[in-house]
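Here is a short briefing on selected side chains and their contacts. Keep the structure open as you read.

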Amino acid sequence: MKRSNSLAWKLCCLGAFTLSLLTFTPLVISTNTTGPMLGGLPHTLWSSILVSLALVALTFIGTLVHPGEQADDQGDA
Amino acid sequence: MTTWLWILGALYLGGLVFATLGARSQSHSSDDFMMAGSDLGFIVGCLTVAATLFSTFTLLGMPDFFRTHGVGAWIFLAVSDTALAFVIIWFGAHLRRRAKEHDFQGIAGLMRSIYGSRWAGYVYLAGIFIFLVPYVAIQIRGIGIFMNATFPDFLPVWGWSILIVAVMLTYSELGGLKAIIYADAIQGVILMTVALVIAYGCISHFGSISAMFSEVRATNEALLSTPGPKGLLSTQFLLASFLVIILVPITQPQMTTRLVIMRDLKSMHRMAVMLGLFAIVLILAIVPIGMYGAAKYAELPTSEFLSRALIHDQAPIIAAAVAIGLIAAAISTADSLLFALGSELRSMLSGDEKTVMRYTKGAIVFFALLALVVAILSNDQLVLLARVSFAGTAILAPFILAALLSRRAPGPELIVATALGLALFLGSVTQAIPDTLNWVSMGLSLRLDLALLMGLSLFTLISLGVRSACAKQPSALSAGSN
């Protein structure tokens, strides 16, 4: 259980790092281009909002699998 | 509006008095005063961290940033802040573990203890003092300018600044960190409520979100993509900003203290998730305010745009809540930073507890007065000055991380390298040296803050690697001889 948590935590860290890197690629930063639009929102805005939501989701998952949580059950990490 | 201002102002002041008295009655020792009893739950924890992080520049600087530079501002702040929430759960656990091992009173004291040198503490103190005092000054000046533009007949800018510093010092000196945290919680609620109400009004003005962006496109299409009309939000600028913002929980004392005083790791984790959500909702509310300004007040100077969008175009009760909310935001960020500076100084002092506390309280007053002087003398570039402050403290990150993550004490070369990095960055801020490294023949350029951060990170890794190898070598040799 502890080992799988540790792996899941490392995957969360990798996910957060990858998402952060992707933000600075043309997938999110489309220089001088507004499209494709989504719900009236320009591309850079909606894609970076998605990145933000994904980062919060990863943070939430990270809190569930963080290795320190088990130590916390006995007091604190 | 004046009537509402008096009513809401009285309620806010009443809340502060109540918070101060409550905190004072619960404060039985200097540790209670400086560390708020180290028993912070996640809701109050989130509100105090959010209030500290989302200063006046969120409600004053960011709408103007969206208005002037367009939608790329979302990456500048929101992506960075949600990544910061993840950094909190990663870094917070390491910090709390080391804090327990070393009887934490502040990062400066912790650095002195882990590096085994007072100079480590001094370098940290110097870094935060040089870069955070101007940041406090920005908060005070920003709100002073805004209030003066809104109520030109009431007080001059310096008068508002003095009033804010006086209120802030009164309750923080009386109630300690707990009073500040309660005040932060009040401010966090006001900030979010006001931003959401104004955002709703701005979207209603256009009829829908699509209509809002269509109108902005008609006004200035460059606002809907990066790098924005003025070319500021380049990929390199956004990346450098991202790095300095996610390093805030590692380098800035008002954040580290709050991570340490959370009740337990679980509370800190919940706080981090809630903070990420808080950031998204708050900044989603800021976008329409900026777009409203871009469509309606594109040509106006900053203070006039803010005064119209946040005050004159709003119902009287909302306008009054904005004014109170902005004062509260300035106060909560500034007092948290000043108190943290005092707390860091305390962690370097030794001797009789009463004397140490007297010096600490005196230092907080000194820092506040210094910030007041800088506020009265500084210029109006709110967002960019704030960013310079964050970049300055970010330079401390490799030095702090090396101490907290490494099993062995890092070497003094990291203290020297960090001091040198701070001096170089300060040189670039004061324009004594260039703020960009250019390789003209290769057509490349690199921001100095980014180069320093990368250079110091690399140097730290090499230093730790070499020391680790040297430490292993004697044992390997002795194993071989056996």
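**Salt bridges and core**

Arg217(B) has a relative accessible area of 30%, so this residue is partly exposed. The model is predicted. Over all chains, ten salt bridges are counted.

**Arg217(B) and its partner**
- The side chain of Arg217(B) forms a salt bridge with that of Glu221(B), at 3.0 Å from N to O.
- Glu221(B) is partly exposed, at 42% relative accessibility.

**Helix H5 of chain B**
- Arg98(B) and Glu101(B) form a salt bridge of 3.0 Å, N to O.
- Both residues sit in helix H5 (residues 73-101), three residues apart, about one turn of the helix.
- Arg98(B) is buried at 10% relative accessibility, whereas Glu101(B) is partly exposed at 47%.
- A network of salt bridges links Arg97(B), Arg98(B) and Glu101(B).

**Asp449(B) and Arg447(B)**
- These two residues form a salt bridge, with their closest N and O atoms 3.3 Å apart.
- Asp449(B) is buried, with a relative accessible area of 8%.
- Arg447(B) is partly exposed, at 23%.

**Ser406(B)**
- Ser406(B) lies in the loop between helix H18 (397-405) and helix H19 (412-429) of chain B.
- Its relative accessible area is 15%, so Ser406(B) is buried.
- The Ser406(B) side chain reaches the backbone oxygen of Arg408(B) at 2.8 Å.
- Beyond its neighbours within four places in sequence, Ser406(B) contacts Arg98(B), Leu401(B) and Leu464(B).

**Nonpolar core**
- The largest nonpolar core has 191 residues, and Phe54(B), Trp74(B) and Met111(B) have the most contacts inside it.
- Helix H8 (residues 157-206) of chain B gives the most to this core, with 21 residues.
- Contacts of Trp74(B) include Leu45(A), Ile49(A), Phe66(B) and Ile280(B).

Conventions. Residues numbered from 1 in each chain as written. Chains lettered and ligands numbered in written order. Predicted model: local features only at pLDDT ≥ 70, side-chain atom pairs only at ≥ 80, totals over all residues. Heavy atoms only, no water. Helix = DSSP H or I, 4+ residues; strand = E, 2+ residues; numbered from the N terminus. Buried < 20%, exposed > 50% of the residue type's maximum accessible area, 1.4 Å probe, protein only. Polar contact = N/O pair within 3.5 Å; in protein donor to acceptor, adjacent residues only side chain to side chain. Contact = heavy atoms within 4.5 Å. Core = buried A, V, L, I, M, F, W, Y, C linked by side-chain atoms within 4.5 Å. Salt bridge = Lys/Arg side-chain N within 4 Å of Asp/Glu carboxyl O.
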